[in-house]
Amino acid sequence: MKANDKKILPILLGGGAILAIYLLYFRRKKSEVMEEQALTQEAGSGSTTYPDSQFYAWANRLEQSMFDVGTDEDAIYEIFSALRNNSDFIKLKQAFGVRNYTGGFVPGFLSDDLSLDGWIAQELDSSEINEINSILSRKGITYRF
C-alpha cells in the first residue's frame with residue numbers, strides 16, 4: 001500500500017459514513033411527510049369528538065410530559081385513553097406535528113425535530129409503548145406505535 005493510499009482511505013471511509021447518515025436522515029423525513037399526507041387525507045374522512053383546541057392542548061401536554069428529564073407516563077396514558085376513534089388519534093397526531101426534541105440531556109444544537117412517534121419511541125420503553133397500543137386497541141383505534 002502506497003503512502004497516498006493510506007491518506008485517502010480515511011477520507012473515503014469518512015465520506016461514505018457521512019453519505020450514509022445523510023441518506024438515512026432524508027429517507028426518514030420523506031417517510032414522515034408521506035405519513036402526514038396519508039393522515040391528512042384520512043382525517044377528512046371521519047369526524048372528531050372534540051374541538052380542535054382540545055387536541056392542541058393535549059399535544060402540548062404530551063410534550064410537557066415527555067420534555068426534559070423524567071417522563072409522566074400517567075399523563076400520556078390519560079390522554080390516549082380520552083381518544084374515542086381513529087379521527088381523534090389522527091387529529092392529535094396532527095396537532096402534535098413535528099417538535100424539537102432534546103431528550104433532556106442533549107444540548108440544543110444536537111436536538112432533532114420529531115413527530116409524536118419519535119417522541120414516544122425516545123421517551124418510553126417497550127412495555128410502556130405496549131400499554132399505549134393496548135389503550136388504542138381497546139378504543140378501536142387501529143394505529144400502533
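**Entry 1: ground rules**

I took residue numbers from 1 along each chain as its sequence is written, and I used heavy atoms for side-chain values, with hydrogens and water left out. Since the model is predicted, local features need pLDDT of at least 70 and side-chain atom pairs count only at pLDDT 80 or more, while totals for chains, interfaces and linings use all residues.

**Entry 2: the whole chain**

I looked up the elements and found six helices and two strands. Helices (H or I, at least four residues) and strands (E, at least two) are DSSP runs, numbered from the N terminus. The order from the N terminus is α-α-α-α-β-β-α-α.

I then looked up burial, where buried means under 20% relative accessible area, exposed over 50%, and partly exposed in between (1.4 Å probe, protein chains only). Of the 145 residues, 32% count as buried.

For contacts I used heavy atoms within 4.5 Å. Among contacts between residues at least 6 apart in sequence, 61% join residues at least 24 apart.

**Entry 3: α2 against α3**

I looked up helix α2 (residues 52–66) and helix α3 (residues 73–82), whose axes come within 9 Å and cross at roughly 155°. Axes are lines fitted to C-alpha atoms, for helices over the stretch in contact, and angles run from 0 to 180 degrees between N-to-C directions. α2 and α3 are therefore roughly antiparallel. The classes are: under 35 degrees roughly parallel, over 145 roughly antiparallel, 65 to 115 roughly perpendicular, and the rest oblique.

The crossing of α2 and α3 is left-handed. A crossing gets that name if the near helix is turned anticlockwise from the far one by less than a right angle, and right-handed if clockwise.

From α2, the residues in this contact are Trp 58, Arg 61, Leu 62, Ser 65 and Met 66; from α3, they are Ala 75, Ile 76, Glu 78, Ile 79, Phe 80 and Ala 82. By class I noted eight nonpolar, one polar and two charged residues in the contact of α2 with α3. Ala, Val, Leu, Ile, Met, Phe, Trp, Tyr, Cys and Pro count as nonpolar, Asp, Glu, Lys and Arg as charged, and the others, Gly among them, as polar.

I also listed the buried residues of α3: Ala 75, Ile 76, Tyr 77, Ile 79 and Phe 80. The buried residues of α3 pack against α2, α4 (86–96), α5 (116–123) and α6 (126–138).

Next I took α2 and α5, which pack at about 25° with their axes 11 Å apart. That angle makes α2 roughly parallel to α5. The crossing of α2 and α5 is left-handed.

Leu 62, Glu 63 and Met 66 in α2 meet Leu 116, Trp 119, Ile 120 and Glu 123 in α5. The contact of α2 with α5 has five nonpolar, no polar and two charged residues.

Trp 119 is buried, with a relative accessible area of 1%. Leaving out residues up to four places away in sequence, Trp 119 touches Glu 63, Met 66, Phe 67, Phe 96, Arg 99, Asn 100, Tyr 101 and Leu 114. Trp 119 and Met 66 are 53 residues apart in sequence, and their C-alpha atoms are 7.5 Å apart in space.

**Entry 4: aromatic rings**

I searched the whole structure and got 10 aromatic pairs. Rings of Phe, Tyr and Trp (its six-membered ring) pair if their centres lie within 6.5 Å; planes under 30 degrees apart count as stacked, over 60 as edge-to-face and the rest as tilted.

The rings of Phe 89 and Tyr 143 have centres 4.6 Å apart and planes at 25°, so this pair is stacked. Phe 89 lies in α4 and Tyr 143 in the segment after α6, so the pair ties together parts 54 residues apart in sequence. Both Phe 89 and Tyr 143 are buried. I also found one aromatic cluster formed by Phe 80, Phe 89, Tyr 143 and Phe 145.
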